[in-house]
Each structure stands twice: as structure tokens, then as C-alpha cells.
Number of protein chains: 2
Amino acid sequence: MGEPTRRPTIADIAREVGVTKGAVSFALNGRPGVSAATRARILATAERLGWQPNTVARSLSNLRSGSVGLVVTRPISLLGVEPFYMRLIAGLERALHADGRSLLLAVTDHAADAADIYRSWWASGRVDGLVLTDLRVDDPRLATVAELGIPTVVLGAPSPPPPGLSAVVGDDGPTLRAALEHLAGLGHRRIARVSGPADFAHAARRNAGFAALATELLGSTPTQVHTRYLSDQVLAATRELLAGPEPPTAIVYDSDLLAVTVVGSATELGIRVPADVAVLAWDDSPLCELVRPRITAFSHDIDADGAAAIAVLTEQLRTGVPQYAELAPRTLTVRESTAGYSKPV
Amino acid sequence: MGEPTRRPTIADIAREVGVTKGAVSFALNGRPGVSAATRARILATAERLGWQPNTVARSLSNLRSGSVGLVVTRPISLLGVEPFYMRLIAGLERALHADGRSLLLAVTDHAADAADIYRSWWASGRVDGLVLTDLRVDDPRLATVAELGIPTVVLGAPSPPPPGLSAVVGDDGPTLRAALEHLAGLGHRRIARVSGPADFAHAARRNAGFAALATELLGSTPTQVHTRYLSDQVLAATRELLAGPEPPTAIVYDSDLLAVTVVGSATELGIRVPADVAVLAWDDSPLCELVRPRITAFSHDIDADGAAAIAVLTEQLRTGVPQYAELAPRTLTVRESTAGYSKPV
DNA sequence: CTGAAAGCGCTTACAG
DNA sequence: CTGAAAGCGCTTACAG
């Protein structure tokens, strides 16, 4: 319709109003340096032309990309079925979008690729900072971000967090205690735990915490095993637990996916849930309500955790100093997978 | 360690080598305009300094952002548990990343927000093009992208696709036929279908195709109902089907999530799968193997579809002309949810 | 307090 | 074939 396809720039506004581009910039950014009357004319003209700031040009002047990077290292087949990452991505995106910024995402099968991606992103000025999740034991990414000086927030960091990095820290103690108290309150005495690979830092931390608390509350050291997230390996780990001399009557799984895999295959495992074995999941998700029995789980607000990570990182970008926040606490949602236990102790 | 925190630029290289920035740019981009000897020195110096092109600066010169936008309009709670979007996002990201580009993602609950986000992205130069999914009947987004002239690819478009837009088109006919033939081959004669909301264009298309094919193959018009993706509504829609005068002995669900919801709650619905009702899912995912019985489903390669969408859009960006590709065909994976039907016809 | 000028890090049309 | 200059659309330090 004769509409210009070229997008209006501050030069167009400056020409129409008869001022310099600098004056336009000051007016549009609400800075002093231009009279009230001129400012009003500039704003009206910008409005009329439908001007919007060009993000790329603004970034080049600011030497800020306006993006925060997240590398997700999970096999793509797992990614689809594990709700955590999609929720985290959505949470981070919302928090950044609200602020006119964006999430730069990379998905890779190989954990070893992450550091290279960070390096490349940083060298090409594509990110202002990073969000790290699923910290490993002796995670090599920490050396990379420290060496390059990339502003970084660790989500779900241990306390104290890695030096020089911002962090959203979580104390698993209360959650572990709540899990044990819930199950002990139902009469369970032999409570085992299944978690993901041992090189995940949170798996190692929770292992230690669970052992200490179980000893305190139940008077015995619990059995804990690790497994990869693949379905057959989860079932194998569970079989191994159940084949022991004193099999557990309750098992705490470190994620929704692990627990759902087991409940879905209970018949094949030769167990009834919860009559033979109660099942509790560390992470709640709609998956826990898709299977029967529905799974008792700890809910937490991943959206809020993502927003906290962005808030903390943003503050570090502003001040240059690492910042800290607390993970939202988890709350227990009791469902059928831990109900009705009535075995003699 | 005394390392410069400032990233090297082509000006640094030009100074060291003793040439202009233009010459450095030509050399680094493999263009003619600089002698072989100079080119070699420039490349060596760039390598030694660890130079990487600044993406933002390059974008400003090119007037290209290097990003492709995707707006996902699903409630965040659903997003987590529905594998499709995470797989699509991963697929798009990989295809773009391989090319040095990136995916700009927005997540919103309200479909009506999408057009505004496109408008804002385009006005601020944040995207070079868009990927549209889940086209609605009379989708208002089409008018917006046409009005603004945004290069756009529609994934899963009808044939013929909307004028002026690139598309990855899929013909559901063979899949619908395969579903009906599989179920009819097992002896089923009353086959119903449950799909998502009626305003999804693909739901409407498949409805029409299913009705025609069922009439051809079974000699009767099948019952088809729509439902929102919420768990209780899916169950209600299924109950409604089963309460009819001639209840179906097999139901085709339009997604993995719909089918899994029903199989997970079969006991509550008062049915045994597959003895009373066979269940077939349009989209395969690991969810279909998490529940018992495992669900017969149509697999398709979402990664490949995402890559095809990016390839087609990239070609449009290069040539200015909309391009087309075919969706990868779906293949039937038979599992227990359609096995062992033995009712008298 | 106001305004013309330089600069962010690239690319490319244009004159020698 | 080679090289100095202008430009992409912004921001901001600096001189009046």
C-alpha cells in the first residue's frame, strides 16, 4: 500500500523534528539534555512514525548483547520427556523478555561441548552472561567461565557457591528431612534412594545429606544407588535395590522421570505401588499425575527459580559483584504412591 | 593473569599487520581484494589474537539479526509435559546453531499475544524471519506477517500453503489411512477420534480426512470429538464417546499427551486397554512407553522437520521467494495398546 | 542546560 | 587488482 518497508530510525525523527540524532536519543531515553518542548515533539514524531529502537544498533553502542546464554546438555530424546528443562527455559525467557532481553539457547548431547560454546559465545559478543545448571562434581565449566571472566549465575548451587560467581543456592536439608519424616510417619523403616549419575553435584550432596538424616531419624544407613536416566537402567537400579537382603519398603527418586518410569513398569518389576513399595519423587510435574498410582512429589516453582537467577545475574551485570539468592523451597504433595502402607514393621 | 579482558577487533589485527580494517575484513571473509601474502598474515594474526567476529557488529552492517523467531503459545504447565515443543525448539536451535545463527524464543499463555510479539521483534530488528506452528483456522497471525512483510515459514502447513509464505507441508492422508487400516485389520469397526481444540487448523483438516477415509474403508461416518489438553477434559471427552449407543472399540488420539492421559486413567474410566478399547496416538514420544500398556503411535522426526523449516526459510531469505518442503512421513510403531483385540465384531 | 561529533565493530560501494 | 572512506543505527563523552 505504498508503505515504506524501511523501518524508521532516529535519523528520520531528527530530520522531521529538525534536531540532531543525539537529541533524539536523549529524548527517547528520558535523559536530560533536551528541552521539554523539543522532547515532546520528538516523542510525538517517534510515535507517529512507529519507531522502535533497533536492538542490534543499541547493543553495538552499549557493547552489550542483551542476551543471556544457557547450554542444555541432555540427549534430545530425554529433553522432550523431562519437564524440567522446558519449564526452566520458559521461566528464564519470561524473566528476560519482560526486560527486553532474550535467552540464547544451545542444546548439545555432550557435556564437554558446553565450555566451547561458552567460549565462542563470549568471544563473539553474543551473551552478556550465562546461566549454569546441573553442576557436575569438579565441573570443568567453572574454570572456563572464570578464565574468561564471564558473568555467570549458578542455579541450584551448593552453599557456599563457587567463588566469583553469582548463585541461586538451595538447601536440600529440609526437603530430605520432610521426605524421611513423611515416609517414617507411614511406618517405613527401610527407605532407599535412587538418583541420577554420581557426577552431578546435587546428587552427591543429597546422597550425603540423606545418609546423615536417615541415620539420625531411622538409626541406620540407607541404601542409595545411582542410575542414568535411560528407562532400562532406572529399572535395573530399582531391581538391584529390591533384590537385596533387606529390600526397602519405600524409595525416594531424585526426579519425576525416574519415579514415573518405575511406577509405569511396576508390574514388570513384580511390585505393587504403594502396597509393596512406596514411591516418592523429588521433582513434581504433571507426569506424576499421568500414571497410576499418582506419585507423591516435591513441588517447586521453577519459574520463580529462573526469575531469581536472572535477577541475580542482572544485578551482577550492573554492579560487577556476584550476587546470591535462595531457591524457592519445595513443598510436599502427597498422592497415592505413598498412601496405604500397612505392612508390619 | 594480565590477560587483556578486551576482545580483539579487526582494528587490532589491522594495526598489527599494517593494513586497513577493510583489508582485514576481506581477508577474513575469504573475498578477493587482498593479496595472498597479506591474506595469510592477516589470518595468522587473527588466529594468534584469538579473534572472533563480533556478531552484533556484523549484524548491524548486514542489517540482519541472525535470529529466527518462534513464539510458543501454550500454558507453561502443559509445555513441560508435552514433548513436542521441547523437541522442536531443540531441532530448530541445532539447525540454526550449525549456521552461526540463533533461535529467538518467546513463551506466552495467550495466542493473541503472538502477533504483537512478531510486530515488536520485527520493528526492533531482532529477527530476520519467523517459524509459525499450530496454525489456527483463520489464524490472525497470517495477516500480521503479511502486512509487515516478515519472511515466514509455516511448519505443518496445509496444501496449498498460505500465499507469500514458505512452508513445510504435510499430507495427513497416508497416516490417517495407516491408522484406520491397522485398526480395521485387528477387527475394529467402530473407530472414533479425539483431537485438540477445533480451531487448530490441523485438527479440522484431519477431521475431514478421517471422516472421508473411515467412510471409504468402514462404510460409516466415525464419531470425532474435540477437547482441550487439560487432563479432566480429555477424560470427559473420552467418557462421552464411550457412553454413546454404539461405543467405539478403538480410539485414535491426536497427540501422545491425549492418549497417555487416557491410558493412565483407564481404570477410572472403567475400561481396559486394549481389551475393551484400543488406543492409538498420532504423535509418538517416550511418554508412550512410560505407561502400561505402552501406546501404539505414529513416530515422526521433529528434528528433521525443524531443520527443513530452517532450510526453507533460509532459502527464502536468500532469494526473496517463498519455498516449500515436505514434512517427514510418519511411521507406525505398534505397541500393546492396540494388541490382542479379540471381541466379536 | 544544550548541541554537533566521535565511536561501537563490522561490511562494502567506490575511487585509484 | 588494491586501499582509504563511508555507513549500518544507535549512545555518550565533550566542547560551547
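DNA strand C is surrounded by 28 residues, the closest being A:G22, B:G22, B:S25, B:N54 and B:S61; a residue counts as near a strand if its C-beta atom, placed from the backbone, lies within 6 Å of it. The model is predicted: local features need pLDDT of at least 70, side-chain atom pairs count only at pLDDT 80 or more, and totals for chains, interfaces and linings use all residues. Residues are numbered from 1 along each chain as its sequence is written, while chains are lettered from A and ligands numbered from 1 in the order in which they are written.

**Surface near DNA strand C**

- Two or more residues each come from α2 (21-28) and α4 of chain A, and from α2 (21-28) and α4 (55-62) of chain B; helices (H or I, at least four residues) and strands (E, at least two) are DSSP runs, numbered from the N terminus.
- By class, this surface has 12 nonpolar, 13 polar and 3 charged residues, where Ala, Val, Leu, Ile, Met, Phe, Trp, Tyr, Cys and Pro count as nonpolar, Asp, Glu, Lys and Arg as charged, and the others, Gly among them, as polar.

**Contact between chains A and B**

- Each chain is represented in this contact, with 50 residues from chain A and 50 residues from chain B; two residues are in contact if their C-beta atoms, placed from the backbone, lie within 7 Å.
- On the side of chain A that touches chain B, elements supplying at least two residues include α4 (55-62), β2 (102-108), α7 (113-123) and α12 (256-264).
- The most is given by α6(A), with 8 residues.
- This side of chain A divides into 22 nonpolar, 20 polar and 8 charged residues.

**Domains of chain A**

- Chain A comprises domain 1 (10-53), domain 2 (67-171 + 302-330) and domain 3 (173-299 + 332-338), with bounds from an automatic or database domain assignment.
- The centres of domain 2 and domain 3 of chain A, taken over C-alpha atoms, are separated by 28 Å.
- Domain 2 of chain A contributes 15 residues to their contact, and domain 3 of chain A contributes 18 residues.
- On the domain 2 side, α5 (76-81) and α6 (83-97) of chain A each supply at least two residues.
- That side of domain 2 has 8 nonpolar, 1 polar and 6 charged residues.

**Residue A:A297**

- A:A297 is found in strand β10 (residues 296-299) of chain A.
- A:A297 is buried because 29 other C-beta atoms lie within 10 Å; the cut-offs are 20 or more for buried, 12 or fewer for exposed, and in between for partly exposed, with C-beta atoms placed from the backbone.
- Beyond its neighbours within four places in sequence, the contacts of A:A297 include A:D256, A:L280, A:C288 and A:T333.
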